[in-house]
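The following note sets out numbered remarks for a colleague who has the coordinates at hand. Each remark takes up one part of the fold.

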Amino acid sequence: MTATVANLPYELLSSILETAASFNARHLQQYTYGLDTTTNGKAKRTLRGHVAPDASRWLSTKSIRCVCRQWHDWVTQYALRDLYIRRWRGSERWIQSRELHSIVGLPSRDVVYRDSYCSLRKTVKLFTRYPALASSVRRIFFDGFYDTETSAMIFEILQHCSGLESASLPWTTLRYGNSDTWATLLRRRKDGTALTSLELLAVDLKQSQTAEAARQMDKRPLDSVQVNFSQLQRLKLSGSSNLMPVDDDDLVAISRTARLHEIHITGTTAVTTKGLMALGCASQDTLRILEHSPLSDNGFKHPDAALSTGDGKHLCEEIINCPRLSSLSLSLPTMCSTLFSAQDSVKWTGDVQIRAAGICPFGSLKQSKEARRAFFDILAQSRSLIDAQKAKGIELNIEFFIDHHLIFEPSQSLVHADLSVGRFLSDGSWPGVGQKTSTKGPYGQTTGQYGKNEQPYSCISEREFVEGLRKGYISF
């Protein structure tokens, strides 16, 4: 039989077409542009941003999908695999010329109207008419749709995506969606597939938007027994909102059926250790990644970890009882040596970050000498854990972020901090010549700058830090 492209195994053909699409993408326009009015009254072209990845994939396969039906089907799976649907933002005005160089004066005052939800409406119509296209979507991302009308359209799109694996949704869908729509989204399908990753993205809305009566509706889908999160492997909550944010009660409701592999809770002020512990305890046997970084004062103002539930469970103990946990980034009101006591059983790898303001059960490091002594014992225990993992061939690096302004790196016996006050109090005699400029910054920062008046961080040894602590040049 004569060898032709049509006779190639599908895997080989897919690899060839993907290489061709990648080559085509290099010759496409990579950025979007707009017009800006300069000081002399003329308009110039300005860079607005990158072309969306899904749009780039679709354009790069334009010539491929016209060859035959088989290649067209491959293109739909390739180009629609990841779909990004964003609300249109901006304002445009008419200009009086088709040529950029011939524009004289300012654009007219006639505003170009564009439906902000146009992309969402068109996607609903497309997937309703051609559900086979929707079946190619594996990951979908929605941005900028926060009212009841758009939430209904989002769920209409989702019901057509029969092969969906990952969804990034506005947090308002958890308020405006009913139990039936959520149950359908999370349910295991006939072919054995299911949604495995869910992200809920929150933002602050304008005061005029939060005051609208229609936005205050909460259908409480999580109260229904139909809504089952057992198929979900990854849950991410990102951002904070001034309108019905996702809180501890929601996480407690999710934990009733959840068996998660990954938990990510970032940038939110509405979730405390109570909600975190509910999810963590429910997913104890399956949890591999745990990230809780509120990036705000609220991360240190929560109730003590030992009192976060009514059954006497202690969060530090529950964490080390997760047999599969390998990646950890945690914010706690207080921590204790229990976190580093199970050196033979923990599987932590890579970078582990612990943020805390005190030590169990002594409380604040600022006020308790016992807490400070316990903390230095914890540093020694963490070094022992690092060495134990290294003996197994596992690289582990642990960092402690203490009450916003101190970073301890036990593997190197280093402390990162703003030492400007200490230099002033010691008349420049502390710290000694061993200090270095640090590339790390305060809690939640990576630039070395926390605020406009902060100095870059310096790096000193733990011994130098203890000396400064004893003389009152620095404090917790």
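1. In this predicted model, the contact between H4 and H6 draws on Leu120, Arg121, Thr123, Val124, Phe127 and Thr128 from H4. Their counterparts in H6 are Glu149, Thr150, Met153, Ile154, Glu156, Ile157 and His160. By residue class, this contact comprises six nonpolar, four polar and three charged residues.

2. The geometry of this helix pair can be stated briefly. H4 spans residues 118-129 and H6 spans residues 148-160; their axes come within 9 Å and cross at roughly 30 degrees. Angles under 35 degrees count as roughly parallel, and H4 and H6 are therefore roughly parallel to each other. The crossing in which H4 passes H6 is left-handed.

3. Which residues bring H2 and H3 into contact? From H2 come Asp54, Arg57 and Trp58, and these meet Val75, Tyr78 and Ala79 of H3. The contact of H2 with H3 contains four nonpolar and two charged residues, with no polar ones.

4. Strand pairing may be followed from S8 through S9 to S10. S8 (residues 197-201) pairs with S9 (residues 234-238) in the parallel sense, over five bridges. S9 is in turn joined by five bridges to S10 (residues 262-266), and these two strands also run parallel.

5. Leucine 198 stands opposite leucine 235, and the bridge partner of leucine 235 in S10 is isoleucine 263. As background, side chains in a regular strand alternate between the two faces of the sheet.

6. Elsewhere, three strands form an open sheet in the order S13-S15-S16, and the pairing within this sheet is mixed. S13 (334-335) and S16 (363-364) are the edge strands, each pairing on one side only. S13 pairs with S15 (residues 358-359) in the parallel sense, over two bridges. Within this pairing, threonine 334 has glycine 358 of S15 as its bridge partner.

7. Is serine 368 buried or exposed? Serine 368 has a relative accessible area of 8%. Since buried means under 20% relative accessible area, serine 368 is classed as buried. This serine lies in the loop between S16 and H13 (369-391). Serine 368 and glycine 358 are ten residues apart along the chain, and their C-alpha atoms are separated by 9.0 Å.

8. Some totals place these details in the context of the chain. The chain contains 15 helices and 21 strands. Of its 476 residues, 45% are buried. Among contacts in the chain with a separation of 6 or more, 70% are accounted for by residues 24 or more positions apart.

Terms used
Residues numbered from 1 in each chain as written. Predicted model: local features only at pLDDT ≥ 70, side-chain atom pairs only at ≥ 80, totals over all residues. Heavy atoms only, no water. Contact = heavy atoms within 4.5 Å. Helix = DSSP H or I, 4+ residues; strand = E, 2+ residues; numbered from the N terminus. Nonpolar A, V, L, I, M, F, W, Y, C, P; charged D, E, K, R; others polar. Pairing = 2+ DSSP bridges. Buried < 20%, exposed > 50% of the residue type's maximum accessible area, 1.4 Å probe, protein only. Axes fitted to C-alpha atoms, helices over the stretch in contact; angles between N-to-C directions. Parallel < 35°, antiparallel > 145°, perpendicular 65-115°, else oblique. Left-handed = near helix turned anticlockwise from the far one by under 90°.
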